[in-house]
Amino acid sequence: MREDNFHPETRVIRTRYASTDAREHSVPLFLTSSFCYPDAETMRAVFADEQEAYIYSRFSNPNVDEFVQRMCALEEAEDGFATASGMSAVFASVMAFLKQGDHLLSSAAIFGSTHTLFAKYLPKWGIGYDEFDIRHPEQIERLIRPQTRMIFLETPSNPGLDIIDIERAAEIAHAHGILLNVDNCFATPVLQKPLLHGADLVVHSATKWIDGQGRVLGGVVLGKKALIQEIYLLCRTMGPSLSPFNAWMLSRSLETLHLRMQQHSANALELARRLQAHPALKEVRYPFLETHPHYAIARKQMKAGGGIVCFELKGGLAQGRRFLDALRMLSLTANLGDTRSIASHPASTTHAKLTEEERLAVGITPGLIRISVGLEHVDDIYADIEQALQKSAD
Ligand SMILES: *Cc1c(COP(=O)(O)O)cnc(C)c1O
């Protein structure tokens, strides 16, 4: 069987991208900032792009290549570039294509730092920025200007779990000659492949489900070769490269991503179903619950609902804080996508700096709790949430 015919699960485990002459069974760590040449002529040819070889780890490195190639196999992408964090991936995927006078259009419900980057910094550099409310997708066409170069989406969104129809967004973008860029962090390529639905670029924070154990930061942008070349040229100059060590960790993590996402999703769906029946809760949100407002779109473009479940406490902001205090097992931390379940209360933490009105506009209600469902037994996760709900109710 040729390697091209392997399923993505097999390719991500079996295809060798980096090794020494010893042919190690597990890929070693290439902790080196630069690479040597046997003679002056080889070195000249490599620097002249006449011969392919590693030069310097700010440009490329065997471990980083391995991670990128494995991500390409999973996303079914032609090429990719890995970065030191998800935010540097978002930054590079936008700045490689936009210049002064251009315009970016994004869904409003996006990761907090992505929002700050777009709303605060782009205008400072003369780049126009608008957001559309995904509850009114007809706004997309209305907000497109002749200067619009890119549409940016996050689906499912963090933390509100809004789902956007990628295929429909791609049709609109391409009818106007605009690039579609999708943050696929919450779904991972195991559950959703935006490029196959028409997106031009996919960005990830590898810090979350891809690492899956809350150890290292990383990011990656994937897409057609010509687009990734632009990102590569910007990044090799700007320098947000992924470290070989983090790349090596992330490549090992990818070997189990399929198994982990299946189990995270199974635990999350079961938890969401049990919480739906709970009298202390106003609303339970999960993409694969029939009651989710975009359930049909989620079923169309995702294989499973992912590991995040949100619910709304009847007691609002005050109960949100009491709920976190009452938890015994779940971790209180900013990360998500970990083997350990995590609870967060966006209104009093990650989104506390926004006004109440701004929070409501992106679906963050006062009593919204976000659970990143881990790999513990679902009965233990539910039991901890259940006792904290009871304790925080009065
Ligand atoms: C965390 C996150 C990011 C940013 O990634 P970092 O690795 O923290 O820089 C971007 N998008 C989404 C949806 C995220 O959850």
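How many bridges join strand E6 (residues 201-205) to E7? Five bridges join the two strands, which run antiparallel.

The model shown in all views is predicted: local features need pLDDT of at least 70, side-chain atom pairs count only at pLDDT 80 or more, and totals for chains, interfaces and linings use all residues. Residues are numbered from 1 along each chain as its sequence is written, and side-chain values use heavy atoms, with hydrogens and water left out.

View 1. Helices (H or I, at least four residues) and strands (E, at least two) are DSSP runs, numbered from the N terminus. Two strands pair if DSSP finds at least two bridges between them. Strand E1 (residues 79-83) is joined to E7 by five bridges, and these two strands run antiparallel. Val220 in E7 is the bridge partner of Ala82 and also of His204. Five of the five residues of E7 (residues 219-223) are buried, so E7 is largely enclosed by the rest of the structure. Buried means under 20% relative accessible area, exposed means over 50%, and partly exposed lies in between (1.4 Å probe, protein chains only). In a regular strand the side chains alternate between the two faces of the sheet. Gly219, Val221 and Gly223 are buried on one side of E7, and Val220 and Leu222 are buried on the other.

**View 2. The open sheet of five strands.** The strand order is E8-E9-E12-E11-E10, with mixed pairing. Strands E8 (281-285) and E10 (331-332) stand at the edges with a single partner strand each, so one side of each has no neighbour in the sheet. E8 and strand E9 (residues 308-313) run antiparallel and are joined by four bridges. Glu283 stands opposite Glu312 in E9. Helix H13 (residues 316-326) lies across E9, E10, strand E11 (342-344) and strand E12 (368-372), at about 125° to E9. Axes are lines fitted to C-alpha atoms, for helices over the stretch in contact, and angles run from 0 to 180 degrees between N-to-C directions. Contact means heavy atoms within 4.5 Å.

View 3. Ala73 is found in helix H3 (residues 62-75). Ala73 is buried, with a relative accessible area of 3%. Not counting residues up to four places away in sequence, Ala73 touches Pro8 and Arg11. Glu76 lies in the loop between H3 and E1. Its relative accessible area is 43%, so Glu76 is partly exposed. Glu76 is not a glycine, yet its phi is positive, about 55°.

**View 4. Helix H4.** Eight of the ten residues of H4 (residues 86-95) are buried, so this helix is largely enclosed by the rest of the structure. Among the buried residues are Val90, Val94 and Met95.

View 5. Most residues other than glycine have a negative phi, and most peptide bonds are trans. Thr155 and Pro156 are joined by a cis peptide bond, with omega about -5°. Another cis peptide bond, with omega about 0°, joins Asn158 and Pro159. Pro156 is in the loop between strand E4 (148-154) and helix H7 (166-175), and Pro159 is found in the loop between E4 and H7. Thr188, in helix H8 (residues 188-191), has a positive phi near 65°. Thr188 is buried, at a relative accessible area of 0%.
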